[in-house]
Amino acid sequence: MIHELLLALSGYPGTIFTWNKRNGLQVSQDLPFLHPSETSVLNRLCKMGTDYMRFTEFIEQHTGHVHQQEHYSNQPSQTGLHGIYLRAFCTGLHSMLQPYRQALLDLEQEIHGCQILETVYKHSCGGLPPVRMALEKILAVCHGVMYKQLAAWMLHGLLLDQSEEFFVKQGPSAGGAAAAQEEEDEDLGIGGLSGKQLRELQDLRLIEEENMLAPTLQQFSLRVEMLPSYIPVRVAEKILFVGESVQMFENHNQSPSRAGSILKHQEDMFAAELHRLKQQPLFSLVDFENVIDGIRSTVAEHLWTLMVEESDLLGQLKIIKDFYLLGRGELYQAFIDLAQHMLKTPPSAVTEHDVNVAFQQAAHKVLLDDDNLLPLLHLTIDYQGKDTKEASGNREGTTPPQESSPREAPSTGWAALGLAYKVQWPLHILFTPAVLEKYNVVFRYLLSVRRVQSELQHCWALQMQRKHLKSNQTDAVKWRLRNHMAFLVDNLQYYLQVDVLESQFSQLLQQINSTRDFESIRLAHDHFLSNLLAQSFILLKPVFHCLNEILDLCHNFCSLVSQNLGPLDERGAAQLDIMVKGFSRQSFLLFKILSSVRNHQINSDLAQLLLRLDYNKYYTQSGGTLGSFGL
């Protein structure tokens, strides 16, 4: 009835609060559930609403009359008041009623939906026993509605909330500032550094991850403003998790005999527990959280069994590691050899087909003939024009592209290469499109390092073929530069594969095997992926940019050597000199960044990479410069 009262006070009477011109706004006499004292209080409020309605009626009547008179200004005056002074008076009166309208709006926001629980709860904490007891009874009745919504959501995955009053909603969370603040203070996974500390070191700034990785919108989220203060957010998160899991299971479970009920057929028991809480005269957070924890534990354990034992999560993670993280190095070495010629130029409409043929050939070459696995993997090429075709093919119900402006065309097929993996149910709740896109970012980076390492090894083979020939000073510069490039790239590759990937993957498997809770698995996997992005420096703009510049220089050098098997001419020598200076400059910048972290005595991944590069102090003794002729 509160909504009806607010509507009546706003000038919109109904069947509970009626209006007549003689008596104004009044409570209907046909409401047996109202006590006479309640009727008296409500009628006192109605007097205020009556005054407001008569003011607004006056304003609407005479403002409209003024407009009419202005339109027919040459005609003689009809009956009724009019004039510009009357219009000014009405405008002033309308502005003076704005605080009243704002007060009604504030009241509606304060007592909307689950916020009513918060308002009643605060007033029930007063010192007057009669008032406290009355409000506690009211709160118990209001809790009955909440428990019905909880039962529908947690036991059946149904969000019964037509008026958007529940603290769980469909759609993404609106939180942005809080997440930014949390990122400021939370550990980034780089040796215990927080975001704030990291930015204080040589002004190292994180790449904006949202610009690089488009996150997938969650289907459901918390409406925190509707959450009563006496229910902690941690409990609400458990409620959200249970409802999402139950709904996912109900909507996607196509083989009930295989998976069974996600609540292990304990719905009746949990419904009885929620009904018991509903019957309690006073809300007990301890009892409430115990019941929620019981339901959550059952759901989480069943999901763990479904994911780990029935869907072979560890085997799926091994596939992710082998293909996205280049665990099958021999496969990608064969693929690089086969696809090098077709990906060194800008991609076209047929490039994707060609690279998938090459990928299948590479798999057969290394005896990878798993007929169940290979159809689930597909290399993608994101070339310019592909998005345009897909956008023009969008129909109603499909998601339009986020950016209408054309993106810059990739310079080579390698820059547009990606890997798609068909995730089977129910593993899709762990390997979401956003998660796979993050894996793709790591995949492209690792593949670029592996490709440059392979090109440098090919240059070494060319050098060995010509070692018996007479060499000049330019050759000495060329091969010394190759040695320094190979030294840096080999150590970077070893750091990424051993210190980052193998170490983090081992920790992930250990955490999965030490729990029977799905939420723990999801948190461990999120932490694993965040550590990959952080420890490989993808999110650290200065280091990542510096490493990419070094890889580009190495690639250009290998192209120069491959195209000039004999002694370099004057033009080639000039290009070599530019590469020597560029590599010296970038290697010096990398050394300064890595040393700055070490000088701050912070145990980080930057220091670990520096340890690989400078294990015998050669890097330090050279002044942090590699590739110069003077070494």
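Reader: What volume does the largest cavity have?
Author: About 40 Å³. Keep in mind that this is a predicted model.

Reader: And how many cavities of 30 Å³ or more turn up in the whole structure?
Author: The search finds 1.

Reader: Ok, which residues line the largest cavity?
Author: Q504, Q507, L508, Q511, A524, H527 and F528. By type, that lining has 3 nonpolar residues, 4 polar ones and no charged ones.

Reader: Which element gives the largest share of that lining?
Author: That's α19, with 4 residues. Both α19 (473-513) and α20 (518-535) supply at least two residues each.

Reader: Switching to packing. How many residues are in the largest nonpolar core?
Author: There are 140, and the residues with the most contacts inside that core are F167, F288, F323, Y332, F335, F431 and Y439. Helix α19 shows up here too, giving the largest share of this core with 15 residues. There's also a second, separate core of 21 residues, with L6, L9, L97 and L104 among them.

Reader: Take F323 then. What does it touch, leaving out residues up to four places away in sequence?
Author: F323 touches L331, Y332, F359, L368, L373, L377, L419 and F443.

Reader: Now aromatics. How many aromatic pairs are there?
Author: The count comes to 16. One of them is Y52 with Y100: the ring centres are 4.6 Å apart and the planes sit at 35 degrees, so the pair is tilted.

Reader: Where do Y52 and Y100 lie?
Author: Y52 is in helix α2 (residues 36-71) and Y100 in helix α4 (residues 98-110), so their pairing ties together parts 48 residues apart in sequence. Both Y52 and Y100 are buried.

Reader: What about Y324 and Y439, how far apart are the ring centres?
Author: 5.8 Å, with the planes at 40 degrees, so that pair is tilted as well. Y324 is in the loop between α14 (313-323) and α15 (329-343), while Y439 belongs to helix α18 (residues 433-465), 115 residues apart.

Reader: Are those two buried or exposed?
Author: Y324 is buried at 2% relative accessible area, and Y439 is buried at 0%.

Reader: Which residues do ring pairs link into a cluster?
Author: Y324, Y332, F335, F359, W414, Y439 and F443.

Reader: Last one, D369. Where is it found?
Author: In the loop between α16 (351-365) and β7 (377-381). D369 touches A363 and H364, not counting residues up to four places away in sequence.

Terms used. Residues are numbered from 1 along each chain as its sequence is written. This is a predicted model: local features need pLDDT of at least 70, side-chain atom pairs count only at pLDDT 80 or more; totals for chains, interfaces and linings use all residues. Side-chain values use heavy atoms; hydrogens and water are left out. On a 1 Å grid over the protein atoms alone, a cavity is a set of points where a 1.4 Å probe fits but cannot get out, and a pocket is an open set with protein on both sides within 12 Å along at least five of seven lines; lining residues have an atom within 4 Å of a point. Grid points are joined across faces, edges and corners, and a volume is the space filled by probe spheres set on the points. Ala, Val, Leu, Ile, Met, Phe, Trp, Tyr, Cys and Pro count as nonpolar, Asp, Glu, Lys and Arg as charged, and the others, Gly among them, as polar. A nonpolar core is a set of buried Ala, Val, Leu, Ile, Met, Phe, Trp, Tyr and Cys residues joined through side-chain atoms within 4.5 Å. Buried means under 20% relative accessible area, exposed over 50%, partly exposed in between (1.4 Å probe, protein chains only). Contact means heavy atoms within 4.5 Å. Rings of Phe, Tyr and Trp (its six-membered ring) pair if their centres lie within 6.5 Å; planes under 30 degrees apart count as stacked, over 60 as edge-to-face and the rest as tilted.
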